Amino acid sequence: MKTIDRLSERFTSSVVQAGTIALFRKCLYAFLFFRTITLLPAANEFWGPGSYLPFYYRQSSFLLKLLNPLQSEAFHAYYLFFAIAQLALIAISFFVKKRQRLLCAGIYFFTAALHHKMAAIENGGEQLAMILLFFLLLMNENGTGMLNSTVTNFAFLAARVQLVFVYFVAGITKLKGVHWIDGTALHYVFATDEY
């Protein structure tokens, strides 16, 4: 019973890893910022009316329509607005300490719109970034109060568990694969000039 009381006290009294959460937030936002910046020269091909990418989400649910505005022809011409809004909110979040959840909600919306438009060519890294961005919606390292501390601490724990689980499954999968065991996959990675 004492262990449960200590855990309860730890998760509800204050934000346990506030500095780590702030660093995590900045790193994830920096990744999203530079990713969007690198895609801007070919923005029309990825997000705009000239996009070669097929519509990935064809369901007509309200939530998917809300998170996929760039799938609608009405928004095709405004693709740069979504990219610039995402970049602007990320830049603002580096200078504003308050209202991080509200800023994160905006960043999540614009990132999801851009991400879902490119879903046909996205990889696991972008999927993981979207999951971690969702967990960031629940974190507020600068907030006070028992509810804020509890939600923030559990969201941070869930993000860490998610990350561990992804790498654990990737490691197990690689151990089962022939190409990782015999070194062929590593050879292909090291033969790539970028690496």
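Mentor: Let us begin with a term: a helix is a DSSP run of H or I with at least four residues, and helices are numbered from the N terminus. The model is a predicted one.

Trainee: Is V178 buried or exposed?

Mentor: The word exposed applies to a relative accessible area over 50%. V178 has a value of 59%, so V178 is exposed.

Trainee: How many helices and strands does the protein have?

Mentor: There are 10 helices and 0 strands. The pattern along the sequence is accordingly written α-α-α-α-α-α-α-α-α-α. The C-alpha trace spans about 60 × 50 × 35 Å along its principal axes.

Trainee: What share of the residues counts as buried, and what share of the contacts between residues at least 6 apart in sequence joins residues at least 24 apart?

Mentor: Of the 195 residues, 36% count as buried. For the contacts, the share is 70%.

Trainee: Let me turn to helix packing. By which quantities are two packed helices described?

Mentor: The description uses the angle between the two axes and the distance between them. Consider helix α5, residues 79–95, and its packing with α6: the angle is about 150 degrees and the axes are 9 Å apart. An angle over 145 degrees counts as roughly antiparallel. Helix α5 is therefore roughly antiparallel to α6, and the crossing of these two helices is left-handed.

Trainee: Which residues make the contact between α5 and α6?

Mentor: From α5 come Y79, F81, F82, A83, A85, Q86, L89, I90, I92 and S93. From α6 come Q100, L103, G106, I107, F109, F110, T111, A113 and L114. By residue class, this contact of α5 with α6 holds 14 nonpolar and 5 polar residues, and no charged ones.

Trainee: At what angle do the axes of α6 and α7 cross?

Mentor: Helix α6 spans residues 100–117 and helix α7 spans residues 124–137; their axes come within 9 Å and cross at roughly 155 degrees. These two helices are therefore roughly antiparallel to each other, and their crossing is left-handed.

Trainee: Which residues of α6 and α7 meet?

Mentor: On the α6 side they are R101, C104, A105, I107, Y108, T111, A112 and H115; on the α7 side they are E126, Q127, M130, L133, F134, L136 and L137. The residues of this contact divide into 10 nonpolar, 3 polar and 2 charged.

Trainee: What can be said of the loop between α6 and α7, where A120 lies?

Mentor: A120, in that loop, counts as partly exposed at 38% relative accessibility. A120 and S72 are 48 residues apart along the chain, and 16 Å separates their C-alpha atoms.

Trainee: Finally, how many aromatic pairs does the structure hold?

Mentor: It holds 10 aromatic pairs. One of them joins F33 and F34, with 5.6 Å from centre to centre and 90 degrees between the planes, an edge-to-face arrangement. F33 is partly exposed at a relative accessible area of 25%, whereas F34 counts as exposed at 54%.

Trainee: What is the geometry of the pair F134 and F135?

Mentor: That pair is tilted, with 6.2 Å centre to centre and 55 degrees between the planes. The word buried applies under 20% relative accessible area. F135, at 14%, is therefore buried, while F134, at 40%, is partly exposed. F134 is also among the α7 residues that meet α6.

Trainee: Which residues do ring pairs link into a cluster?

Mentor: The cluster consists of F75, F81, F82, F109 and F110. F81 and F82 of α5, together with F109 and F110 of α6, also take part in the contact between those helices.

How values were computed. Residues numbered from 1 in each chain as written. Predicted model: local features only at pLDDT ≥ 70, side-chain atom pairs only at ≥ 80, totals over all residues. Heavy atoms only, no water. Axes fitted to C-alpha atoms, helices over the stretch in contact; angles between N-to-C directions. Parallel < 35°, antiparallel > 145°, perpendicular 65-115°, else oblique. Left-handed = near helix turned anticlockwise from the far one by under 90°. Contact = heavy atoms within 4.5 Å. Nonpolar A, V, L, I, M, F, W, Y, C, P; charged D, E, K, R; others polar. Phe/Tyr/Trp six-rings, centres within 6.5 Å; stacked < 30°, edge-to-face > 60°. Buried < 20%, exposed > 50% of the residue type's maximum accessible area, 1.4 Å probe, protein only.
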